[in-house]
Amino acid sequence: MKLKKNQEITLKIDDLGNNGEGIGHVDGYALFVKNALPGETIRARIMKCGKSYGYARVMEVLEDSGSGRVEPRCPAAERCGGCTIQHLTYERQLAYKEKKVRDCLVRIGGVDADEVEWLPIIGMEDPWQYRNKAQFPVRMQKDNEGRPYPAAGFYAGRTHSIVPVSDCAIQHSCMKRILETVLTWMRDQNVPAYDESSHSGLVRHIYIRRAYHTGQIMVCLVINSRGISNLLQEMLLQKLTGIPGMTGIFLNSNTDWTNVILGKEMKLLWGQAYIEDRIGDIRYHISPQSFYQVNPEQTEKLYQTALEFAGLSGEETVWDLYCGIGTISLFLAQRARKVYGVEIVPEAVQNARENARLNGIVNAEFFCGAAEEVVPKLAGQADVVVVDPPRKGCDGVLLDTIAGMGPERIVYVSCDPGTLARDVKKLGEMGYGVTKVRAVDMFGQGGHVETVCLLSKLHADQHIEVELQMDELDLTAAESKATYEEIKDYVLEHSGLKVSNLYIAQIKQKCGIIERVNYNLPKSENSRQPKCPPEKEVAIREALEHFRMI
């Protein structure tokens with residue numbers, strides 16, 4: 001059956017996609033249908049046809065075989081691109097997210113489901129009004145009489161069209177008053193909203209943060225200008241400072257023609273430059289640019305899970321890569337001997353150091369830069385490595401770096417099951433297997449889910465086990481000329497590549513340099529030993545020649 005745009009068909013929905021859209025099939029051809037649920041038979045209209053899949057919309061639910069459909073609390077839920085599964089019971093939302101994590105790890109990550117301890121998902125007690133952060137785009141709209149007015153809300157799915165929303169069902173209730181206050185100021189002072197098509201107008205976004213435990217509020221107005229007049233500023237502050245909990249008001253300048261929300265220039269107009277919150281017993285100062293989880297109650301459960309998976313006894317050296325403002329680092333420092341945090345954003349590193357001082361934590365140290373560059377320079381060795389990367393997952397070079405650090409355990413905190421599964425597969429090829437998984441629902445009513453995944457170093461017949469006792473080695477003249485660290489440093493300096501001890505050992509063996517047998521050979525024929533890539537082999541051979549080892 002050949003489908004075409006605007007055609008209406010009867011469709012049985014049998015699954016949910018990554019973003020919570022229903023999936024049905026016509027003669028093997030997949031159709032993605034927003035707001036449709038498994039168990040429903042619908043009348044659908046085709047909106048777009050691709051080569052192997054297309055998109056459709058629900059015209060009518062013809063039959064419902066226990067789909068779990070409920071009436072959305074928010075009247076804008078169907079149009080807004082945020083709460084993609086608000087029409088599904090919360091119990092079914094949790095089951096969907098748990099299944100999504102498991103399916104990705106098994107199907108993409110190659111994880112053996114029978115070898116993993118799958119802990120039940122941690123759901124929310126109340127999946128409403130939980131978000132402590134909102135970034136409302138502001139655009140000009142027209143009323144029924146065609147008069148323009150500024151409106152704020154959220155983007156409709158897959159568009160940059162604004163769905164006006166002032167009372168969001170998953171944002172904290174204080175945000176409605178703040179949003180309406182800024183919009184009233186714009187109307188009263190004839191302040192125009194930003195126009196993407198012409199790159200004109202002033203106010204681009206209204207950015208709000210609220211601390212869960214202290215109630216402190218931060219507001220940041222993102223504008224398409226270097227500043228605003230003193231009169232406009234005075235009128236804005238007059239309105240906002242009267243709101244209970246208001247702690248800091250900022251102006252951010254973003255004059256670039258871009259979809260990035262915050263610009264580089266941040267100015268404090270009133271109050272203090274941060275709000276303070278806590279997770280467990282740890283206090284944090286949070287600036288406008290800081291990454292901080294949006295669901296405070298669930299964040300504590302997420303980090304507690306990461307702490308449990310790390311299995312700390314107080315003697316471990318832990319590296320926290322993508323450490324942000326030190327949220328996980330300081331949590332781990334309570335039970336570790338030493339924690340090193342690495343983060344590429346300078347402002348976040350400054351916050352992390354301040355947060356360590358704020359809590360009197362002296363066993364946490366923070367470095368600014370890309371982890372794959374920082375760790376090798378510091379010769380970082382780790383008992384445990386923790387990563388909490390952005391949605392795109394870890395850089396491939398970083399995964400090589402982590403494996404080269406040789407930790408016994410890797411705790412991977414992920415906000416995207418797909419990229420988690422991709423990275424888990426790569427780490428599996430480097431000798432690390434998934435042993436324990438737990439999903440945590442941080443985004444009730446939406447399709448996203450956080451996952452904490454424990455990977456452990458494979459031993460015995462599953463990987464090569466390195467045992468070097470220097471007093472037992474019978475070194476040849478060639479071997480004595482350069483250490484493994486000297487070879488690694490030379491390769492990094494001259495080729496920009498990072499190589500592991502294992503790769504060096506493999507090439508030394510190829511070149512006829514005698515190595516201790518159990519360093520190079522797996523203990524079983526079933527060993528999964530990663531092979532040195534060709535470009536790294538060339539670089540290692542050059543290093544061996546430099547040190548006159550070959």
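Student: Which residues of α13 are buried?

Tutor: In this predicted model, Lys 536, Glu 537, Ala 539, Ile 540, Ala 543 and Leu 544 are the buried ones in α13. They are called buried because each has under 20% relative accessible area.

Student: What makes them lie on the same side of α13?

Tutor: Their arc around the axis is only 165°, so they sit on the same side of the helix. The face turned away from that buried side carries Pro 534 and Glu 545, which are exposed. For the word exposed, the cut-off is over 50% relative accessible area.

Student: What covers the buried residues of α13?

Tutor: The cover includes α8 (396-405), α10 (484-495) and α11 (501-510).

Student: How do you know that the reach of α13 is close to the expected one?

Tutor: Helix α13 spans residues 534-546, which is 13 residues. After the helix comes Arg 548, with a positive phi near 55°.

Student: Let's turn to the strands. Why are β1 and β4 called paired?

Tutor: Pairing needs at least two bridges, and 5 bridges join β1 (residues 8-16) to β4 (residues 40-49), so they count as paired. These two strands run antiparallel. One of the bridges links Thr 10 to its partner Arg 43 in β4.

Student: In what order do the strands of the barrel close?

Tutor: The 5 strands close in the order β1-β2-β3-β5-β4, with mixed pairing. From one strand to the next, the twist averages 50°.

Key
Residues are numbered from 1 along each chain as its sequence is written. This is a predicted model: local features need pLDDT of at least 70, side-chain atom pairs count only at pLDDT 80 or more; totals for chains, interfaces and linings use all residues. Side-chain values use heavy atoms; hydrogens and water are left out. Helices (H or I, at least four residues) and strands (E, at least two) are DSSP runs, numbered from the N terminus. Axes are lines fitted to C-alpha atoms, for helices over the stretch in contact, and angles run from 0 to 180 degrees between N-to-C directions. The expected span of a helix is 1.5 Å times one less than its number of residues. Buried means under 20% relative accessible area, exposed over 50%, partly exposed in between (1.4 Å probe, protein chains only). The arc is that of the directions from the helix axis to the C-beta atoms. Contact means heavy atoms within 4.5 Å.
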